[in-house]
Amino acid sequence: MEATTRVTTVSQLPLQNIPGTYGVPYFGAIKDRLDFFWFQGIETFFKSRVEKYNSTVFRVNMPPGPPGFPDPRVITLLDQKSFPTLFDIDRVEKRDVFVGTYMPSVSYTGGYRVLPYLDPSEERHTKLKTFCFELIKDNGRELFFEFSKALGESFLVWESSLAKSGTASFSTECVQFAFNFLIRAIVHRDPVAPGEASLGTKGGTYASLWTAPQLIPVTNIGLPQPIEQLFLHSFPLPFILVESPYNSLFKFISTYATDALAKANELGLNRDDATHNLLFFLSFNAFGGFNIFLPSVVKAIAGAGPKLMRELAAEVKDVLATTGENKITLQALEKMALVNSVTYECFRLNPPVPYQYGRAKKDFIIESHDASYKIENGEMLFGYQPFATRDPKVFVDPDTFVPKRFLGPEGEKLISSVFWSNGRETDEPTVGNKQCPAKDLVVTISRLFVAELFNRYERFELAPSPVGSPSPTSLVTFISLKKNITSS
């Protein structure tokens with residue numbers, strides 16, 4: 001089933017003009033950018049405009065904009081009814097809109113437009129997405145096993161750090177285990193193993209360094225705003241800043257990913273093209289996504305308190321006792337209803353990809369809950385996913401972390417309203433749509449993370465986030481980890 005949502009051309013809702021304004025050319029875009037990053041912040045930026053226009057559909061400029069970036073004008077979709085238009089490839093084109101109204105230089109990806117920037121109508125999209133599906137199919141068991149192994153190594157690091165200093169950085173270690181498990185499972189090589197192209201312990205750092213300048217134009221990194229606005233949000237950053245770490249990553253993939261690149265060759269892909277795409281898939285999509293999402297999971301569970309932690313630990317223990325397993329398996333995961341619900345609630349509140357873009361292919365009518373609007377061919381549509389997944393007309397207490405929200409028949413019905421993968425959670429990725437090819441795998445690994453955490457620990461405590469931290473999940477530090485009695 002393709003991840004598309006049909007938007008009716010005849011609506012029973014009143015047809016209205018799309019509210020909002022782009023302001024004075026050039027200066028209106030800069031004003032909106034300053035509001036977004038500085039004067040209001042992201043959440044208030046959207047909430048204030050919803051209140052001002054009494055509409056979840058409106059016109060605005062999205063950063064980065066002038067002077068160094070393309071046309072920032074968008075039509076914003078912030079509710080559950082209008083947002084899925086961004087998944088409908090019959091109505092929107094997804095060419096070069098992966099990160100926003102701009103596309104980073106192809107010098108970051110070896111001169112190639114990699115898969116996320118391709119529209120499904122392009123021939124390379126079909127080949128490259130098939131390549132991703134084949135990688136997941138061939139390495140699914142290894143991904144599951146290597147994640148548990150890498151996380152187990154991190155458990156020991158955290159416990160040792162707590163014993164020595166009283167704190168342990170989840171965020172720093174997440175970089176290590178996320179990178180290690182992906183590389184071991186797909187490349188079939190430990191990145192720290194000696195060799196001509198070994199990355200040592202720097203692989204995750206290299207991936208983070210290379211990813212950063214591609215996203216910095218739409219990211220607040222916590223520097224004083226005058227500096228960010230002048231030097232990071234006004235002009236693209238050159239690839240030369242991260243050329244060395246990228247070349248190290250590329251050499252590693254090219255040298256050791258022989259099985260994966262052989263598969264690419266069978267699919268008719270150029271080896272160089274396949275290597276750059278594999279690097280992007282592992283180091284940007286997968287590694288970057290886990291580094292954003294898993295800290296938010298830890299933060300959400302910690303915020304819910306010890307009662308939820310005890311319930312999660314009890315469920316994991318009970319399922320393993322019932323199944324007779326001494327380790328987490330896929331079959332055991334399927335029986336952990338609370339783990340599953342908590343994971344989906346984390347995806348709902350903090351989707352790892354917050355923004356979606358698409359350019360209208362033709363004129364059509366779009367609906368919000370309250371009105372209908374005409375979209376014209378060529379207009380850029382934009383959605384802020386965390387706003388849509390907190391739609392109060394779909395979710396009760398939408399801004400609250402509700403661990404048991406997705407339990408039971410009624411809770412399961414809400415899963416279709418979880419958006420994070422460029423499609424509904426109940427849709428399936430295909431070569432003909434833009435839904436994440438690893439959607440199911442990412443959910444499974446995220447559930448495995450929660451289960452493994454509470455198979456070892458009964459509860460944990462986090463240090464308060466530093467004042468001025470650019471993101472509530474950017475720095476996550478343990479100050480205590482209480483092991484289960486049965487843990488070794």
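I set the burial cut-offs before anything else: buried means under 20% relative accessible area, exposed means over 50%, and partly exposed is in between, with a 1.4 Å probe and protein chains only. This is a predicted model, so I note the limits: local features need pLDDT of at least 70, side-chain atom pairs count only at pLDDT 80 or more, and totals for chains, interfaces and linings use all residues. Residues are numbered from 1 along each chain as its sequence is written, and side-chain values use heavy atoms, with hydrogens and water left out.

I looked up Asn139 and found a relative accessible area of 5%, so Asn139 is buried. Asn139 sits in helix H3, residues 123-165.

What does the side chain of Asn139 make a polar contact with? I found the side chain of His188, at 2.7 Å. A polar contact here is a pair of N or O atoms within 3.5 Å; within protein, one must be able to donate a hydrogen and the other to accept it, and residues adjacent in sequence count only if both atoms are side-chain atoms. I then listed contacts, meaning heavy atoms within 4.5 Å. Leaving out residues up to four places away in sequence, Asn139 touches Ala185, Ile186 and His188.

His188 lies in the loop between helix H4 (170-186) and helix H5 (203-215). Is His188 buried or partly exposed? At 40% relative accessibility, His188 counts as partly exposed.

Most residues other than glycine have a negative phi, and most peptide bonds are trans. I searched for exceptions. His188 is not a glycine, yet has a positive phi of about 60°. Asn422 has a positive phi of about 70° and is not a glycine either. Asn422 is in the loop between H14 and H15. With a relative accessible area of 12%, Asn422 is buried.

I also checked omega. Pro63 and Pro64 are joined by a cis peptide bond, with omega about 10°. Pro66 and Pro67 are joined by a cis peptide bond too, omega about 10°. Pro64 is in the loop between strand S2 (57-61) and S3. Pro67 is found in the loop between S2 and S3.

**Entry: rings**

My ring rule takes Phe, Tyr and Trp (its six-membered ring) as a pair if their centres lie within 6.5 Å; planes under 30 degrees apart count as stacked, over 60 as edge-to-face and the rest as tilted. The count by this rule is 45 aromatic pairs. Phe83 and Phe419 are stacked, at 5.5 Å centre to centre and 15° between the planes. Phe83 lies in the loop between strand S3 (73-77) and strand S4 (92-93), and Phe419 in the loop between helix H14 (408-413) and helix H15 (439-456), so the pair ties together parts 336 residues apart in sequence. Phe83 is buried at 0% relative accessibility, and Phe419 is buried at 0%.

Next I took Phe239 and Tyr246: ring centres 5.8 Å apart and planes at 80°, so this pair is edge-to-face. Phe239 and Tyr246 are buried. I also traced a cluster linked by ring pairs, with Phe147, Trp158, Phe290 and Tyr457 among its members.

For charges over rings, I require NZ of Lys or CZ of Arg within 6 Å of the ring centre and within 35 degrees of the ring normal. The charged end of Arg49 sits over the ring of Phe45, 4.0 Å from its centre. Arg73 lies over the face of Tyr22, 5.8 Å from the ring centre.

**Entry: Met380**

Met380 is in strand S9, residues 380-384. At a relative accessible area of 6%, Met380 is buried. Gly100 is 280 residues away along the chain, but its C-alpha is 9.9 Å from that of Met380. Beyond neighbours within four places in sequence, contacts of Met380 include Arg73, Val97 and Tyr357.

**Entry: cores**

A nonpolar core is a set of buried Ala, Val, Leu, Ile, Met, Phe, Trp, Tyr and Cys residues joined through side-chain atoms within 4.5 Å. The largest has 113 residues, and Ile301 is among those that touch the most other members. Helix H9 (residues 271-304) gives the most to this core, 16 residues. A second, separate core of 18 residues includes Val57, Ile366, Ala371 and Leu381.

Conventions. Helices (H or I, at least four residues) and strands (E, at least two) are DSSP runs, numbered from the N terminus.
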